[in-house]
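Trainee: I have a complex open on my screen and would like to talk it through with you. Could we start with some strand pairing and take the rest as it comes?

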Amino acid sequence: MKFVDEFRDAALGRVLAGEILGAVEPGRHLKIMEVCGGHTHAIYKYGIDDLLPTNVELVHGPGCPVCVIPMGRVDDGIAIAREPGVILTCFGDMMRVPGSNGTLLEAKAQGADVRMVYSPLDALRIAKAEPDREVVFFAIGFETTAPSTALTLKRAKAEGVANFSCFCNHVTIVPPLRALLDSPDLRLDGFIGPGHVSTVVGARPLEFIPADYGKPVVVSGFEPVDILQSVLMILRQLDEGRCEVENQYKRVVPYEGNLRALEVMSEVFALRPHFEWRGLGFISHSGLRLSDAYADLDAELRFAVPGVRVADPKACQCGEVLKGVIKPYECKVFGSACTPERPIGTCMVSSEGACAAYYNYGRFAREREVV
Amino acid sequence: MNAVSCHCITCGDDGVPMRVLRIDDTRGLALCESGDGQHESVEIALVAPVVPGDTLLVHAGTALAHLDGAVA
């Protein structure tokens, strides 16, 4: 397909890999974080990691929305699903995320009406088709899926669909990045910036990374050639002593973002004072709730939600994986007690989770081959 | 979704390029086709105006951007 095939060109990929090899300073170990789960998935699907010199290490960031959902919020979703007359709708991966007492899929097996949808608009359609039931959409995701939820809520309000509501778990990307940069655990040399989040918010919100922390950022597309070119652009910034936000993904990302999307999000959502992230703890102003104008569609106000904080399982090291402190295979339960079929931690649930990406593409090797 | 499929529909960042086939102006939706032939009704409020033949980046049923051919 146009805009896809040309960015999977193997010959071009090899040329870029050669240029990367020439651009990296021998003896210097560089750590580059890819923020998005979509990038993590592409890196392992296409074996990009193996094309890089061994002293260029890709560190996986917190950009998978399923992976950062804390157990307590899953429990809250299950509690809503068990309310009489409720149909809880969610994206497929959310159904397999473990709470403290099982998953939404298990709740469904026990009689709760939990249905997978591909978009919030599908959830609204169910609400209109079943006016005698309460239909709740379990909303998750960064600024990529938040506009979709916002537009659906606007439609629900305009059409007066009173039996529709939203359990909002949307999060924003900048606060966790700042938290990671403030973390003493992690030393990073640059960032592969989030491509589709930047389509919505623009590249400008990432300018604090070079300005406040002195790290280069390259907003990147998701095909192999995109990612290799982005790595090369970061290496060139480092080599030339530059430090700025560059946009490799100009074919999609306008530097100022999508102003209509930002407008609809600011109408429908408001920032929560704090939101809990799996493995990262509470981060200020990092989560979205429904704005006061949309409070009548807020499932947290419509239903009794326990709202109890639940600690992650002791064996699970998702938090360290999400912060890039350890590689997935360094987790004690990776590939043994925790697999995509029976995940303990969220990073093994979603295909964008670092653990699932390693597991599904056979990345059990402890060492990369030297290029 | 299964564990090894290419796209994560919840994504953080896995948009799908789709081609516009038909537009329903009254509902603000477009019937779009993905590269593997899947059809989907897509919300186009954030990228309007849209005409058949356009390629859009779609996330969770909502088009976020035109893929206009300007390459990196």
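Trainee: What about β1(B) and β2(B), how do they pair?

Mentor: β1(B) pairs with strand β2 of chain B, residues 29–34, in the antiparallel sense over six bridges, and within this pairing B:V20 stands opposite B:C32 in β2(B). The two strands form a hairpin with four residues between them, and B:G28, which is in the turn, has a positive phi of about 70 degrees.

Trainee: Staying in chain B, where is the cis peptide bond?

Mentor: The cis peptide bond joins B:A48 and B:P49, with omega at about 5 degrees, and B:P49 lies in the loop between β3 (39–43) and β4 of chain B.

Trainee: How confident is the predictor in chain B, and which of its elements has the lowest mean pLDDT?

Mentor: The average pLDDT of chain B is 79, and 74% of the residues score at least 70. Among the elements of the chain, β4(B) has the lowest mean, 91, while β2(B) has the highest, 94.

Trainee: Where in chain B does pLDDT stay under 50?

Mentor: It stays under 50 over residues 1–13 of chain B, although the model has 55 contacts beyond four places in sequence for that stretch. Where pLDDT is low, the predicted coordinates should not be read in detail.

Trainee: And what ipTM does the complex get?

Mentor: The predictor gives the complex an ipTM of 0.80, together with a pTM of 0.88.

Trainee: Switching to chain A, what is the strand order in the open sheet?

Mentor: Five strands form that open sheet of chain A in the order β2-β1-β7-β8-β9, with parallel pairing. The edge strands are β2 (56–63) and β9 (245–247), each of which pairs on one side only, and the twist averages 20 degrees from one strand to the next.

Trainee: Which residue is the bridge partner of A:I192 in β8(A)?

Mentor: That partner is A:V218; strand β7 of chain A, residues 190–193, and strand β8 of chain A, residues 217–219, run parallel and are joined by three bridges.

Trainee: Which strands does α2(A) lie across?

Mentor: Helix α2 of chain A, residues 37–45, lies across β1 (30–36), β2 and β7 of chain A, and runs at about 120 degrees to β1(A).

Trainee: How do α1(A) and α11(A) pack?

Mentor: Helix α1 of chain A, residues 10–23, packs with helix α11 of chain A, residues 224–240, at an angle of about 20 degrees, and their axes are 9 Å apart.

Trainee: Why are α1(A) and α11(A) called roughly parallel?

Mentor: Angles under 35 degrees count as roughly parallel, and α1(A) and α11(A) are therefore roughly parallel to each other. The crossing in which α1(A) passes α11(A) is left-handed.

Trainee: Which residues make the contact?

Mentor: Among them are A:L12, A:L16 and A:I20 of α1(A), and A:L228, A:L232 and A:L235 of α11(A). By class, this contact has eleven nonpolar, two polar and three charged residues.

Note on methods. Residues numbered from 1 in each chain as written. Chains lettered and ligands numbered in written order. Predicted model: local features only at pLDDT ≥ 70, side-chain atom pairs only at ≥ 80, totals over all residues. Pairing = 2+ DSSP bridges. pLDDT = per-residue confidence, 0-100. Contact = placed C-beta atoms within 7 Å. Axes fitted to C-alpha atoms, helices over the stretch in contact; angles between N-to-C directions. Parallel < 35°, antiparallel > 145°, perpendicular 65-115°, else oblique. Left-handed = near helix turned anticlockwise from the far one by under 90°. Nonpolar A, V, L, I, M, F, W, Y, C, P; charged D, E, K, R; others polar.
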